[in-house]
Amino acid sequence: MPSPADVHDVPLQETFDATIAAEQRIEPRDWMPDGYRKTLIRQIAQHAHSEIIGMQPEGNWLTRAPSLRRKAILTAKVQDEAGHGMYLYSAAETLGVDREDLTTKLIEGRQKYSSIFNYPTLTYADVGTIGWLVDGAAICNQVPLCRSSFGPYARAMIRVCKEESFHQRQGYELLTTMMRGTDEQRAMVQESVNRWWWPALMMFGPPDDQSPNTAQSMAWGVKRHTNDELRQRFVDMSIPQAQALGVTFPDPDLAWNAERGSYDFGEPDWSEFMAIVKGNGPTNLARIARRRAAHEDGAWVREAATAFAAKQAGQTRSEEVQP
Ligand SMILES: [Fe+2]
Ligand SMILES: [Fe+2]
């Protein structure tokens, strides 16, 4: 016999299903299945953590930017990523989780962030390549999320994508400038592209037949395209850009397939991907150690902000009682 709660849930589930079917948004006040809430918390938290950890590889070059102009551009870009993290933590909080708790899970290694940020940035060309390929892949992933069924996530993605588009262009512009420079600069760009191409392809996640949650996420409107569809879109988009730039990708299997109207490409090294996901990438430990140190060093700021907010609230109350 169904419990009273189950009886109560039937019309709620129907309303939820009808909202998804009509391509309308689910808002935080609406009833939603537990699995939907958990999937979104996991996805949004992982996305927020990626924005925050993603500040580190490029932040590494802030003090060594080759000119004031490059320093100003890179500072703006890294600050944008902090902002993306903040929007996304706020979106996650509408689902009933606490940001402090999410941060703890990140620094204890209980929640993940994108594996791309576990590769080191070895030259200034990496700043350009990350903008072009890593932010470029992020755009492919995130533009469809502007239509996510969960309202706060979809709305956050609209602004995030506008800024990602600036990130992608600043990267491409930096590489274009270097390609017009010396032979040494051109070699530096090609070497950087060689290191980032495969990790960028892995940003779309494992192949569809090894991605067990995709079908449910697509049915819920949380995900709009499969990993392989997005990867193909990214490859097709990037090849003409590489040609215009004058660089090549390190994949002997890249070839135009007239029948499919798309480029064929080789298989990324998924064993490398799995090793990094499990925490064994070149910089996993350093990234988390740095994030943990920043969190601990910032404790006094959080305490001061809390004390200030309490004081403001007290003042507001005492003003209210005065005539
Ligand atoms: Fe971002
Ligand atoms: Fe970005």
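Figure 1. The iron ion (ligand 1) and the iron ion (ligand 2) sit 3.4 Å apart, with Glu81 coordinating both. Keep in mind, as you look around, that this is a predicted model. Glu81 belongs to helix H4 (residues 68-93) and Glu164 to helix H7 (residues 151-179), so this pair ties together parts of the chain that lie 83 residues apart in sequence. Glu81 and Glu164 are both buried.

**Figure 2. A closer look at the iron ion (ligand 1) and its protein donors.** Around the ion, the angles among the 4 donor atoms run from 87 to 143°, and the site is irregular. For four tetrahedral donors, the ideal angle at a metal would be 109.5 degrees.

**Figure 3. Helices H6 and H8 pack against each other.** Here H6 (residues 125-142) meets H8 (residues 183-202) at an angle of about 30°, and their axes are 9 Å apart. H6 and H8 are therefore roughly parallel to each other, since angles under 35 degrees count as such. The crossing of H6 past H8 is right-handed. From H6, the contact residues include Trp132, Leu133 and Ala137; from H8, they include Val189, Trp196 and Trp197.

Definitions and conventions: Residues are numbered from 1 along each chain as its sequence is written. Chains are lettered from A and ligands numbered from 1 in the order in which they are written. This is a predicted model: local features need pLDDT of at least 70, side-chain atom pairs count only at pLDDT 80 or more; totals for chains, interfaces and linings use all residues. Side-chain values use heavy atoms; hydrogens and water are left out. Donors are N, O and S atoms within 2.8 Å of the metal (3.2 Å for Na, K and Ca); water is not among the atoms, so sites may look incomplete. Four donors count as tetrahedral if all angles lie between 85 and 135 degrees; four count as square planar and six as octahedral if opposite donors are over 155 degrees apart and all others between 65 and 115; anything else is irregular. Helices (H or I, at least four residues) and strands (E, at least two) are DSSP runs, numbered from the N terminus. Buried means under 20% relative accessible area, exposed over 50%, partly exposed in between (1.4 Å probe, protein chains only). Axes are lines fitted to C-alpha atoms, for helices over the stretch in contact, and angles run from 0 to 180 degrees between N-to-C directions. Angles under 35 degrees count as roughly parallel, over 145 as roughly antiparallel, 65 to 115 as roughly perpendicular and the rest as oblique. A crossing is left-handed if the near helix is turned anticlockwise from the far one by less than a right angle, and right-handed if clockwise. Contact means heavy atoms within 4.5 Å.
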